[in-house]
Amino acid sequence: MSLAFGQPGPIDGLVGRSDERARLGRLVCALRSGVGQALVVHGARGVGKSVLLDRLVGEAHGCRVLRVAGARPERELAFAGLHQLCAPLMSGAASLPVPQRDALRAAFGLGGADRPQPFLVGLAVMTLLTRSAQEEPLLCVVDDHQWLDQPSTQVLGFVARRLATCPVGVVFGSREAPRELVGLPQMHLRGLRAPDARQLLDSVLTGPLDSRVRELIVAESGGNPLAMLDWVSGASWARLAGGFGLPDAVPLSAPGAEGFDRELGSLPSDTQRLLLLAAAEPSGDAALVWRAAQLLGVRLHALAPAVEAGLMDMSTRVCFRHPLLRSAAYRAASVAERQRAHRALAEATDPTADADRRAWHRSQATVGPDEDVARALEASADRALARGGPAAAAAFLQRAVMLSDDPLRRTERILAAARRSLQAGAYDTTLDLLAAAEASALDERQGARVDLLRGHVGLASAVDSQAPALLLKAARQLGTLDTDLACEAYLTAWRAAVTSGRRAAGTDIGEISLAARALRPSERNTSAASMMLHACSLLGSGGLEEAAPALRGVVAHFTGSAIDAAEELELGWFAQAAAVALWDFDAWHAVLTRQVQLAREAGALDRLPALTACLGVSVAWRGDFATALRLGAECDAVCAETGVTIAPYVATRVAALRGDEDEALPLMAPASSEYEVRGQGLAASFAHWNGATLCNALGRYGQALALADAAAREMPGLFVSLWARIELVEAAARAGQPDPARESYEELRRSTHAGGTAFALGIEARSRALVSTGADAEAAYREAISCLRHTCLRPELARAHLLYGEWLRRENRRGDARGQLRTAHDMFFELGANAFAERARRELLATGERLRRPGSGAGVALTAQETLIARLAADRCTNPEIGAQLFLSARTVEWHLRKVFTKLDIASRRELSAALSRLD
């Protein structure tokens, strides 16, 4: 069974609707050509009218927009809606013909006649609108028209019928086609088409969902976006059970569920029983529901009241009017009634063709322990994993625990359920299950497994500095009992030690690595896990030079084609760590890309935050900031779903490389406080490293030196602490402190030489150039540029050109320096690394390069599109917002803005307003 699992994160607010958008676009084009039009957009609650009207407003370029929103409390206040519309235009009311002016003033309670004449009020409003449209086309958008007061509706209808000769448009949004607006063009907004509805639903899912259930939700919502989103916002993924738990997954308090109780309570008892059966069987199999109904004595005539009330249809498949109506029908029944319904459905289900469905219904019909049902559920758990991910498997196993009669099997099922709950990101549930396991008699192996799972929770939730010691204890216990689990425990302890850094309580990565080297794996565990542990333990105890051959074997295995997907998901984090240690950033990116895909498909929410964060950092380091931030948003969405808080790794890296001080500093500030408390040494080191990058970009070398030194001390010679040495060499060299620069270079050299990749050798050469002089320095700079050209890390290549250009200028070779600095400047501007670009610009000026003064505007010729994009950016619109208005991608907008920055000779959006003013 296929899974439906989209990338969590925000969508642009509008899916599909191409025909509707085209029609609204034609209306705007007509306004620009001087032809007025009106349109009534009507459709059910939640179908997307307001979103569509918002998009219309955003795309009405060259038009003045006036907006009105009906409000239920103001529905009885005459002319309240009209007042919203006309308030911005009232300065022109004094020049209206006297009868119109007096009528309008009376309507708004400003004096004049006691009873305003509707005809004169309509003429007055039309005069105001047409006069305003003489300056630029005018678009009036009236949303939630169903709550607008009657007099305002009459006046606006009067105006809307008389627009043909002036560039005024009036667009109404209403739940129904109002009779007061009869004769105006109509656009009935229905639910999304099935492909668009699936896209919308997948975009907000943070876990895998059985494709049958997804199709059921799409069908029952009728493609209504709000109906689908209401369901998702209230759904409990842990209770979905691969789709079988659908009717019980959403509480009746979920948005949109109000009023269903009254509708259901008025139906005949047989009809309510039929609805309960249909709600309890979410596959939509009408034949199965009818077989179960016959077992309960429910006849065909019971369907008629439900169909007549518009609650349900069973012509081809069971389909409720609304996804939440299914939950309401299920929750409205008593526990005994639900059990009878599930018992009938179990009896009506084929035990061979659909054993899992039958097992689930049997479990819901069972009151006390039943070992036979528990075994059936346990057998179904793996198949549920394929359908609905680890949350589904956990639900089957938890239900098996409740029905277990055998104490030994019950404990094993608890531990199995805890493991699946951990993978689903349900950490509180995992800890509750482990507590339940500890309440029973555990043997030594089971006790070690409990410690292992607790350590996993501490690592996944990123809040436990005790996790490395706890995992090391479990690994040592398991060493003589189960070497497979011992290998897993050592690897997890090693990773936990990397996360905690020097804040790990009771142990460190060196002790864990030495203990792991003493483990003798079983014959069947001599593949990836054993190979991985061997490589990691060598790296943690002997350094990269000793570990490099083993690490290369790991990377080759995980970038090959023969690896098992389950093994790859289980061990992929360590594979990407091996690639990072070797400075093999191509392999790092490839492994991470595959890992994120696998974790999404499997619904492994315990792994997805760390993997998307790592991939986001990799992508940002390549200079693709937009994609990196999308990955960061996905990480945030999964963390919100699981209740975990991790450091903003992606946003921090992007802000540092962009040189955006205002964005970066709030992200880095918690490094010395929150991360310390939470035991996240890696996060603290990461923040300090990026702070050093930012300060180097800004030319604050003393601060960069201090921050890089703090990062380098966290876990000497490994990962982020090693990367910080790159910044430390540059900062120390520029700050006139050669000894720290040489010391850091030597530490780097040992690692980069062992790595041997183009990136490693390029970084080594660039760092060597900073601590060298004369011909040696120049040769090293040239070597660095040559090596880095063969990598995908363009920011690092641009920095090599920048540092070489700065060195050439200080050698008084200004002509040579200009070429390097121009290259660096252009590359940084293309990437959007504005602080580094500004540093290159200052150096160019120092060479005597004849640059235009920033913002002078001399010789600037912005295209019409560049001008529009620049003005929107100056108005603080984001790149996605600008793109949405101009039908461009955010990356295209970013590309245009870089061209604008180059033409205006500015470095950031903050300078746009002043630069455009000077240009004007």
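Trainee: In this predicted model, over the ring of which residue does the charged end of R653 sit?
Mentor: A charge counts as sitting over a ring when, for Arg, CZ is within 6 Å of the ring centre and within 35 degrees of the ring normal. The charged end of R653 is placed 5.0 Å from the centre of the ring in question, and that ring belongs to W621.

Trainee: Which residues do ring pairs link with W621 into a cluster?
Mentor: The structure holds 20 aromatic pairs. Ring pairs join W621 into a cluster with W583, F585, W588, Y649, F686, W689, W723 and F759.

Trainee: Is the pair formed by F585 and F759 stacked, edge-to-face or tilted?
Mentor: Planes under 30 degrees apart count as stacked and those over 60 as edge-to-face, with the rest counted as tilted. The ring centres of F585 and F759 lie 4.7 Å apart and their planes meet at 45°, so the pair is tilted.

Trainee: How many residues apart are F585 and F759?
Mentor: F585 belongs to helix α27 (residues 585–602), whereas F759 belongs to helix α37 (residues 758–770). F585 is buried at a relative accessible area of 5%, and F759 is buried as well, at 3%. Their pair links distant parts of the chain, and the separation is 174 residues.

Key: Residues are numbered from 1 along each chain as its sequence is written. This is a predicted model: local features need pLDDT of at least 70, side-chain atom pairs count only at pLDDT 80 or more; totals for chains, interfaces and linings use all residues. Side-chain values use heavy atoms; hydrogens and water are left out. Rings of Phe, Tyr and Trp (its six-membered ring) pair if their centres lie within 6.5 Å; planes under 30 degrees apart count as stacked, over 60 as edge-to-face and the rest as tilted. Helices (H or I, at least four residues) and strands (E, at least two) are DSSP runs, numbered from the N terminus. Buried means under 20% relative accessible area, exposed over 50%, partly exposed in between (1.4 Å probe, protein chains only).
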